[in-house]
Each structure stands twice: as structure tokens, then as C-alpha cells.
Amino acid sequence: MGPQLKVVERTRTATMLCAASGNPDPDISWFKDFLPVNTSNNNGRIKQLRSAQRLSTVPNQSLVPLPLDHGHNRWYANKRVGEKLTVGLADDTEERCKLNKVRNRTKGSTNVSQPTTTAHAILHLLTCMSEFPLVLPSVCHTWVTCAWCLFQCPNPKGVRRNVCVFYIYQYLCSLAVRRVPPRFSIPPTDNEIMPGGSVNITCVAVGSPMPYVKWMLGSEDLTPEDDMPIGRNVLELTDVRQSANYTCVAMSTLGVIEAVAQITVKALPKPPGVPQVTERTATSITLTWDSGNPEPVSYYIIQHKPKNSEDSYKEIDGVATTRYSVGGLSPYSDYQFRVVAVNNIGRGPPSEAIEAKTAEQAPSTAPRQVRGRMLSATTAIIHWDEPEEANGQITGYRVYYTTDPSQHVNQWEKQIVRTSNFLTIPGLTPNKTYYIKVLAFTSVGDGPLSSDLQIIAKTGVPSQPTDFKGEAKSETSILLSWNPPTQTGQDNQIIGYELLYKKGDDKEEKRVSFEPTTTYLLKDLKPFTTYTFQLAARSKHGVGAYTNEISAETPQTQPSAPPQEVKCTSHSSTSILVSWKPPPVELQNGIMTKFTIQYAAIEGDDTSLQQISDIPPEKYHYLLENLDKWTEYRVTVSAHTEAGEGPESLPQLIRTEEDVPSGPPRKVEVEAVNSTSVKVLWRSPVPSRQHGQIRGYQVHYVRMVNGESIGHPIIKDILIDDAQVGIHLHSCTVSKVNLYKLLATILISVYVMF
């Protein structure tokens, strides 16, 4: 393999590859402008690297990097064939056919062996080529011409020159090898990997001669020059963090080709752009934002929470566009919003948070703790607190009052208050009861009215207690609490309270009086019952106005009565149907959740208690199955609420129906009375297998000859008197019967049946 023409940028390094084979191995020398190259004394500008690798086609190689300057570099292979022979080829085509003789550059060789005849020249050339074959291109005639010039083939008498050329041409072309430029049989492929992942990139190139394959990253060689593989090169990448393009280079004496593999490192998406508020209502904020990512995003997550809240962000998942309206917000409230992008790797960091406030809305609650008192017999002062859910900036209040609560509120007297939370109402009629309501409004609209405040236009009479409420403390008690009305002056102090209460829709009210306090525990109430309450304060001037009705409910407890009308009927020898009705409504003490049946056999081998649970509350019957035959059972039913199980019903005793006995008579015995009669005795079956009252037996007997029955059995029925039926329930009862008119000196077979 000879060195090839290379084009390299000035001042850069050119690497020339030379290979030769023979037996023995040839020496390789480098020449520049027909002068030997000194690789040891050139200030390091020229280096020769000898490879120890042995190849079948290229046994000896020499790789010389040369600094690029003007001149012609030539390659010579020196080989002894009998006598010293030097074969030289010039790389530059211009001087290729000008070389008339080749000087021997090998030490100790000073002569050039030249052929003297045409035949000698051909023989000499053939000898050289057989020992040192050249790999020629397809255009053989160019090299034939050079060979003709090189060996100076003469034209002796009688031999034409074209004959010499023909034989040289024919031989050289027969030695020519097909040469193929390099190409990629397996080009490198693009890959996508996770951050920190690993990947192997395979690059395979073929040609004749086989090309060398190396990897490059930009201008950086990733494959060492002195360890460049032939044909196939696998690049192993580990812990890859950045995307890059890797170039596979395949090169031979016939050219250089390249292929690029793109390694893309998947990454989490970048934060989206800062969200912008485009629309707002009292309960929603509409946001838009930029993706902030050049690569596609799978979807977005919108995070939001109230401003200054320590709670975590609430998330809205699966947003496919860059515009979204976040609903379910509170009116006139500050929120923080941010957006997160998600791709197939995962969710990226959130965007910068923004703050936005929802629009105003009319108040959704009434003013709190509306209270009042009389300043004089005709003047009252009313106070209140701001609504709990103002939904905006409160711009004022309207106070409505009347002595006739049956009228529509629009017909009541009203006054507007702008900058305070109280109002003085003059000109009231003495000793009249006034009903007062208050509402708040914003720039958007009015909120709801407060509940009635009642006040009696009488000096010294207490106003209504405020914040009156009730809470169940047990199944039979409710705790009431309130704030006392404000009173001024020693003569106007509260000396007690009056409480009115009733159960549910009952018309009858009960009254309780007690000393001044702010709480009261009402006892002896019914469980799971709703009660209504009204409270009024009392001074020495009289009882003030009662509060509006409030309600409270006692919790559930276990039923205080069992199910009613429990009945049991036996439908077969192994089943009992149980039916019942629920406990009385006033004694259920809650919502029925299920019924339970308990039953047990009073007699027999198994008398353990059995239970059927989780019978639906709407079902009032149940069939007990797989019971023992003719067995008496004890059955009870109980009801359940969420609080637990109530008492059991009175036990019901019932026996399953009779059935055919499953056990035979026992201890059957036969005694000969005389020559023509026998006496048969037996005991009744065990009680557990009688399955009813034994009312009779059958005695079967037959004549036996040589151990075999002769003829059909004779059957004799034995009936038991009703007076004797109960006796045969016991296993010790013995029955007997005499058989007469039998043949003498014969054998009979006897068995007893029911």
C-alpha cells in the first residue's frame, strides 16, 4: 500500500501511510525530492512510527507524519532478488514516465540492474512482480506505460515494441485487484437518552481496501491515531449530560467519508414564562403564559393558593393550552399563581409566581351580632359587626325596622349607614316591640338580611341576648350558650333569664327560669330528637324580647325497646320462618341500621348460640335453614342504630317439623317360645335420630333354608297407642311381639322397621 495524495492546510500535520510485503520483509524508506528523509535530525518536524502489527495482506507498515511544504515525496521498497534490485515508483504523475533509471537508495547497493532485451525486460518485470505484487487501479495502461519507461524496453530487430507493451499490459492487468471506495454499511444512528445515561454508537464501513474508522467530536479526535480500528468502531458514551453531534470518519487510499450521529439528552422542561392575568371575576382568574420551552410540552400544571397562606399549593393538572381560567375562588381575595411544564421526562421547575385579586361581589353573609338597647322610652341604639364574607369593600349598611313583622321587608322603615357600625333610631312608640334587620352592601350589590332583632321600647327592659346557640352534650342533654345584652345603670341589671323550648313540631312549650349566667344545660331530653329554643333576659323592669328560635338535636343512641310482634313458624323439618316489626318510633332513638337474630337448640348435641347479623333495616322476616329435625329452638330478635344494639325481644320457643326417623330400632332379639312361636324384642332408636314421635313398627320375618330366604317376607304391623307414644321417645323403651304358627324345626330371619 503506497502513500496517497493528501490536501492539508498549510502548517498543519499530514500523516502518510506506507505498507509493503515480501519474504523476507522489506525495509521501508522515505524520500523527499529523490533525497532520503532523515527522521532523526529535523528538529522534530518529521517522525516515523513503525507498527508491530502483522496483517496478512500488509505484513510491514510505516506511518510517517510529514510537515507540509513544497516538494515531492516518493516511496521505494528495497528487496533482494538474487542480486540487488530496486523498484521505484514516483507519486507525481508528471515525472512518472521521465524516470529512466532508479538509483539504489539502499545501503551497500550502488548499481541498477537493467534489462537488455525485450524478453529480458518482461522476464525481469515478471520476476519482480511475482515477488512484490503491486495493487493497481483499473486503468492499467497508465501503469503499463510507466513500466515500459521504467524498464527502458528496447526495440530489437524483429520484435515490435507493441508486442512488449502487450505482454506487460496483459500481465499487470491480470494482477490488478478491484478497488472500492469506502462506504458505510451500518451508518451511526441518532439516539435520545436520559440525563446521565449511557449509549453505544456503532459505525461500520466497508471498501477495498478496508477503511480505517474513527470517531470525532467537532475537531477533536476521539479515536487514537495509532489505535484506529479497521471496518468497525463502537463509541461508548457514559454519564452523558449534554446533547452533541458525533462524527464517524471512514478513510482509505480511495477517499474519506463522514457520517454524523446526533445524541440528544432528554431534559426536564424549563420554567414557563411569567403568567399574565387577562380576565377576572369574583370567583375566577384567567391566566395566559408563554411556553418557555423550544421542545414540545406534554401539558401544564397550574398551582394556586391564597396569598400569605402557609398551606401548600393546590394543583390543576392536565392543562393542554397556555390559557386557562382558574375557578372556585373566593370573591375579593388575593391569590398566588404559578405554572409548571411537564414533558415525558417529568415536571420542570415552576414559573415565577404572580399575585392577583378576584373581583368584588355582593356580601354572601349578613352582618354579625346585631344587638340593641333602649336609650330612652322612644330611642333605641342598634350595633352590628361586619359580615364574615364581605366579598369586597363594604360601602354601607341598611337598617330595617317595624312593629309588624308580617309585612314585606320593603315596607319596613329603613335607614342607610355609610361610615359606622351603629345607628340611633328615635321616635319609637313606647311599650311596642320592634323587629330590626340589617344588611351590608358593596359596589356590586346587597348582601342578605340578618335575622330579626327584637327590642321592646321600654326603659330598663333588657334587649335580646346575642349569639344564642345550642350544642348536644349527650343523648339526653343540650348545652345552651349566649352573650348577655348590654345594660347600663344599677336599676337595669339583669336578674335572670326565661327559656322557652319544645320538641319538634309539638305545640306545647315548656318554660324554664334560672339565675343570670351565660350557659345552661337542659337535661332529660329524648335521644335523636330536634328541640327549638327561645331566650329572654329579665330585669326588675320586666322581661325583654325573646331571641329568634334556634334548634338543636340530640344524638342517636341504642334503641330502648326491642322489635315488636316477633313470630316463629316452622315450614319444614329443617327451617323456621321468623318475622317481626321494628321498635316503636319514639323508642328507636335513631335510624335503624340492621336487625340481628339469635337462636339456639334447647336439646340435642349442639346447643350453642347462633347469630344472623346484618339483616337490612327494611326487611322484617328471615328464614332460618339447615336446622335439626324435630328440635326445639329458642329465638330472639334485636334492632340496631349507628350507636349500637338495642335489647333483645322475648324468646320464642318453636320446634321444627317431624321427619322420617334416620336411625333403626336397636338391640333386636328373638326368643323361641315353643315349637311354633317366637318372641321378638327391640328398643326404639336414639332420640336424636327419631325426628318425631314413634307411632308404630313393622316386623318382617321369612323362612331360611341353608342360609337363604325362601319366599317373600311376612310383615306384621305393630301400632302404638297414643298414650304410649311419648314413652317411645326414650331410648330405654323395650318393645316386643310374639309370632305364632311357625313351622317346627326351621330357621326364620326377623328384622324390625318403622
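Predicted model: local features only at pLDDT ≥ 70, side-chain atom pairs only at ≥ 80, totals over all residues.
The relative accessible area of Thr529 is 14%; because the limit for a buried residue is under 20%, Thr529 counts as buried.

The side chain of Thr529 has polar partners in the backbone. The backbone oxygen of Pro527 is reached at 2.9 Å, and the backbone oxygen of Lys526 lies 3.3 Å from a polar atom of the Thr529 side chain. When neighbours within four places in sequence are left aside, Thr529 is in contact with Lys503, Ala552, Glu553 and Thr554.

The whole structure contains 17 salt bridges. One of them joins the side chains of Glu279 and Arg323, with an N to O distance of 3.1 Å. Glu279 belongs to strand E16 (residues 276-280) and Arg323 to strand E20 (residues 323-326), so this pair ties together parts that are 44 residues apart in sequence. Glu279 has a relative accessible area of 45% and is partly exposed; Arg323, with 44%, is also partly exposed.

Another salt bridge is formed by Arg347 and Glu315, whose closest N and O atoms are 2.8 Å apart. Here strand E22 (residues 347-350) supplies Arg347 and strand E19 (residues 314-319) supplies Glu315, so the parts tied together are 32 residues apart in sequence. Arg347 is partly exposed at 39% relative accessible area, and Glu315 is partly exposed at 42%.

## A salt bridge between loops

Lys629 and Asp659 meet through their side chains in a salt bridge of 3.2 Å, N to O. Lys629 lies in the loop between strand E43 (621-624) and strand E44 (632-641), while Asp659 lies in the loop between strand E46 (652-655) and strand E47 (666-674); the pair therefore ties together parts that are 30 residues apart in sequence.

Both residues fall in the partly exposed class: Lys629 has a relative accessible area of 31%, and Asp659 has one of 30%.

## A salt-bridge network

Salt bridges also link Glu498, Arg511 and Arg538 in a network.

Terms used. Residues numbered from 1 in each chain as written. Heavy atoms only, no water. Buried < 20%, exposed > 50% of the residue type's maximum accessible area, 1.4 Å probe, protein only. Polar contact = N/O pair within 3.5 Å; in protein donor to acceptor, adjacent residues only side chain to side chain. Contact = heavy atoms within 4.5 Å. Salt bridge = Lys/Arg side-chain N within 4 Å of Asp/Glu carboxyl O. Helix = DSSP H or I, 4+ residues; strand = E, 2+ residues; numbered from the N terminus.
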